[in-house]
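Subject: Structure for your files

Hello,

Here is the structure I said I would pass on. Please keep it open while you read the notes below it.

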Amino acid sequence: RGEQSKNDVQVGIVSWGPCGSSDDLPDVYARLSSQYEWIAREVCKESSNPPQPFDCPAKESNPAKESSPAKEGITPAPSF
């Protein structure tokens, strides 16, 4: 963690484990960089305002799809 949160970079997430609550049991982390392309693709596909660093292609406006709560187009995460 940096002195200011704007300098922080998330490199992993807890895949499973007690999340630091136990000295006897380790947490198991997933390295985000190994799945960056999948994450970027899904964010671009599902977000109405994706972060600029993902460099998402422009979307065509489709009001019918935007009002639908269904998430039929979500691609499962790759397995290791």
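The notes below go from the overall layout to single residues.

This is a predicted model: local features need pLDDT of at least 70, side-chain atom pairs count only at pLDDT 80 or more, and totals for chains, interfaces and linings use all residues. Residues are numbered from 1 along each chain as its sequence is written, and side-chain values use heavy atoms, with hydrogens and water left out.

Overall layout

The protein chain has two helices and two strands, in the order β-β-α-α along the sequence. Helices (H or I, at least four residues) and strands (E, at least two) are DSSP runs, numbered from the N terminus. Of the 80 residues, 9% count as buried; buried means under 20% relative accessible area, exposed over 50%, and partly exposed in between (1.4 Å probe, protein chains only). The chain exposes about 7200 Å², of which carbon and sulfur atoms supply 53%. Accessible areas come from the Shrake-Rupley method with a 1.4 Å probe, and for residues only the protein chains shown count as cover. Among contacts (heavy atoms within 4.5 Å) between residues at least 6 apart in sequence, 27% join residues at least 24 apart.

The disulfide

A search of the whole structure finds one disulfide, defined as a pair of cysteine sulfur atoms within 2.5 Å. Cysteine 44 and cysteine 56 form this link, with their sulfur atoms 1.8 Å apart. The link is left-handed, with -80° about the S-S bond. It joins distant parts of the chain, 12 residues apart: cysteine 44 is in helix H1 (residues 36–46), and cysteine 56 is in the loop between H1 and helix H2 (63–66). Cysteine 44 is buried, at a relative accessible area of 13%.

The aromatic pair

Rings of Phe, Tyr and Trp (its six-membered ring) pair if their centres lie within 6.5 Å; planes under 30 degrees apart count as stacked, over 60 as edge-to-face and the rest as tilted. By this rule there is one aromatic pair. Tyrosine 36 and phenylalanine 54 make up this tilted pair, 5.6 Å centre to centre with 50° between the planes. Because tyrosine 36 lies in helix H1 and phenylalanine 54 in the loop between H1 and H2, the pair ties together parts 18 residues apart in sequence. Tyrosine 36 is partly exposed, with a relative accessible area of 41%.

Glutamine 10

Glutamine 10 sits in the segment before strand S1 (12–16) and is exposed, at 55% relative accessible area. Glutamine 10 and serine 33 are 23 residues apart in sequence and 9.6 Å apart in space, C-alpha to C-alpha.

Regards
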